[in-house]
Amino acid sequence: MPMLNWILSIAVVLFAFAQASAQQPGRPPSDATVYEDSEAIAGRFGPSLAARGPAILTQGAMDVAFKDGWIYVLSRGRLCTFRADGELASTPIGELQGLGNTRQIEIAGDLAAITSREDGLWLVDIADPAGPALLSHYDTIELATGIALGPGLAMVACRQYGLELIDISDPRRPRHMSTFRTGEAQSVYYQDGLAYIGDWAPREVVVCDVRNPWRPALGSRLPLDGFGDGVFVRKNLCFAATGHHSRAMRQRDPSDAEYGRGHGLEIFEVSDPREPRLVARTKLPRLYSLGLDMWDVQVSGDFAVVGDTHNGLYVFDIRDPAHPVAAGYHRLPAAGSEKLPDAVGGFAIGRDTIYVAGAFTGLHMLALPGIEPVPARALERGTFADASPSAIEPPAFVAYHPEGQVHDVAVDEATGEIWVAAGTAGLHRLRLGDGDSGKQVAATEGVAFSVDIRDDLVALGEGTAGLSLWRARRDGDELLGRYQSSVGGIGQIRISPDREYAVVHAGPNVLEILDIRTPSQPRRVLSDVHTGNFYRTPFSHGFLPDGRFGCLWHVSGLFVFDLQGSAGPRFSGWSVPRRMDLGNGAAVCGERLLVVGNGGYTLLDPGQTEIADRDVVRLPGVDLRGKPSVFGDTLYLAQRWRGRIVAVDIADPQHPRLRWSLAIEGNPGVVKELSGQAIIPGGYDGVLVRPR
């Protein structure tokens, strides 16, 4: 079954959010939309740019690139190619499908690199534009959003997890090199050994020295007056596109004059990147709208072009960079019954034309006489020596290193085995005490993101390849069945205690519950979605004694679902409607839910819907954030975005004590236990095992 891309997912989110508004009492209010209509801005930004012919790919487009007379468009999880001579054909000349939740495209020479959020990075050979061919699929450390290419190097902006540096000297076998942690990396631009990172919520451009990609280093920070995203560097000038709220906002409310005033173009002088200097700051119309919030900038000749989602596209004359002059703008048509114009996902500059990706309305062509394509990047070759492996502290830790990224582990207490979801390396088994050796037991069709086991039933979340169910056997594991979701790839999965249901994270943020009593034919029996992304691991660790479990949407809060009863799986009516930090979560602690947030944790009694500050248990000097798991009187917190694990003694839950903490290079997932030992899925550091 073909995948639907992020466009359908967002439509599902908006529909479900409206339903939740009517059905969920106590739901937290959404941020209010503010918007200046076209009449209000008429004349302020020059003439409206004329459309050049009708839109194509009208089901939606996310990004577009231009190279040597060819146009490359990301649309509904596929790469489409067109010749740019005259009016575009209504159907692509070339097409490559199955690319998941596509976001950005970068081209260098005959290589196209495509980020795909939860579906990672795709490297594509475009030597024949009419027949793009997949070279490899790489499992990024988190939501692959921004992309830049350097000599033998791909730099991927992975949101909360920072900038991931990947060796693509052999594009058929990309390999992880290092991570440079930032606040919230959204986009990235590369020039002369430096990566310029649009850091979203921190409102800055972070300059990172990547000349030694094994050890990237901070160069400087460029403060912005809006949320950071698109960056473009030409010679000694850095151009940044910004959005959302101004840094001067004091109250997150439309009554604050700076609410929605973060949109604009900012220009910095970076002859010495260590000492940047602000040259100009130009503001765009006021806007704040949840959902699609990306901003981009490119420079061609005397023009700087800014894409500003629902605000549209803006062109500035920058012959005097200190005083940009508005030269034109264009707003896309509204999508269906929506009041806002369609969002600009990305754009590319051709000869006398700007190609604009409309999120729902497709590819648009705008006339701008005199503008020329941005010079295409050459594909620079590069080779890298192996770095010495990082030392893991303390020495008592033992690591098992499959070739891929270890996202999740499941422990079988009965056999003493550890099942490992090892990313592109598939499914592995590890038995401690056998020289700590493991082996691959299944070369999966997709990326192994999550694994769970109940008795001899094993479930595996394989991203774009869906869910697979297996029977664990000594003479070779047996594939029982598969399930493919219509809303996107499968991330986290959990099997219910009675083995009748699988709880599934589908697409960016959809909860699905599957009936797996007939493993060869998994059947969806519930689907739910609320505002907010999942970021890999939304489900509570463990099930309550009555079979309930929690699911966390970071904007809407925690919702508890019931798997028992004659009515089948359903929302239990229990929710905690408040914003949650993206990196936090919930875990079962006896008959209560332990929820991490506000600098500590709260133990919720069944049905408790509010968290007061007095309920939050904190531990002075210890950062109690992360994805939790509870085993006996030990609380583990995996801070995946920081590469840190914390173990806390909660024998007296109101007076916790730190047992130990660990910092690693990788990105740890939810910690499990086996015979009193902490089993840590350590990302590209492998499986780590710490005795009590």
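A cavity is a set of points, on a 1 Å grid over the protein atoms alone, where a 1.4 Å probe fits but cannot get out. By this rule, the predicted model holds six cavities of 30 Å³ or more.

The largest cavity has a volume of about 250 Å³. Its lining is made up of 24 residues, and those nearest the centre are His-407, Phe-449, Gln-492, Arg-536 and Thr-537. Strand β39, which spans residues 490-495, provides the largest share of this lining, with four residues. Sorted by class, the lining of the largest cavity comprises ten polar, eight charged and six nonpolar residues.

Among the residues that line the second largest cavity are Gln-492, Arg-494, Thr-537, Phe-539, Lys-627 and Val-670. Strands β39 and β49 (627-631) each contribute at least two residues to the lining of this second cavity. By class, the lining of the second largest cavity consists of five polar, four nonpolar and two charged residues.

The cysteines form the other topic. How many disulfides does the structure hold? The count is zero. Cys-208 takes part in no disulfide, and the nearest cysteine sulfur, that of Cys-158, is 13 Å away. Cys-208 counts as buried because its relative accessibility is 0%. Cys-589 is likewise in no disulfide, the nearest cysteine sulfur being that of Cys-551, 20 Å away. With a relative accessible area of 17%, Cys-589 is also buried, since buried means under 20% relative accessible area.

Technical notes:
Residues are numbered from 1 along each chain as its sequence is written. This is a predicted model: local features need pLDDT of at least 70, side-chain atom pairs count only at pLDDT 80 or more; totals for chains, interfaces and linings use all residues. Side-chain values use heavy atoms; hydrogens and water are left out. A disulfide is a pair of cysteine sulfur atoms within 2.5 Å. Buried means under 20% relative accessible area, exposed over 50%, partly exposed in between (1.4 Å probe, protein chains only). On a 1 Å grid over the protein atoms alone, a cavity is a set of points where a 1.4 Å probe fits but cannot get out, and a pocket is an open set with protein on both sides within 12 Å along at least five of seven lines; lining residues have an atom within 4 Å of a point. Grid points are joined across faces, edges and corners, and a volume is the space filled by probe spheres set on the points. Ala, Val, Leu, Ile, Met, Phe, Trp, Tyr, Cys and Pro count as nonpolar, Asp, Glu, Lys and Arg as charged, and the others, Gly among them, as polar.
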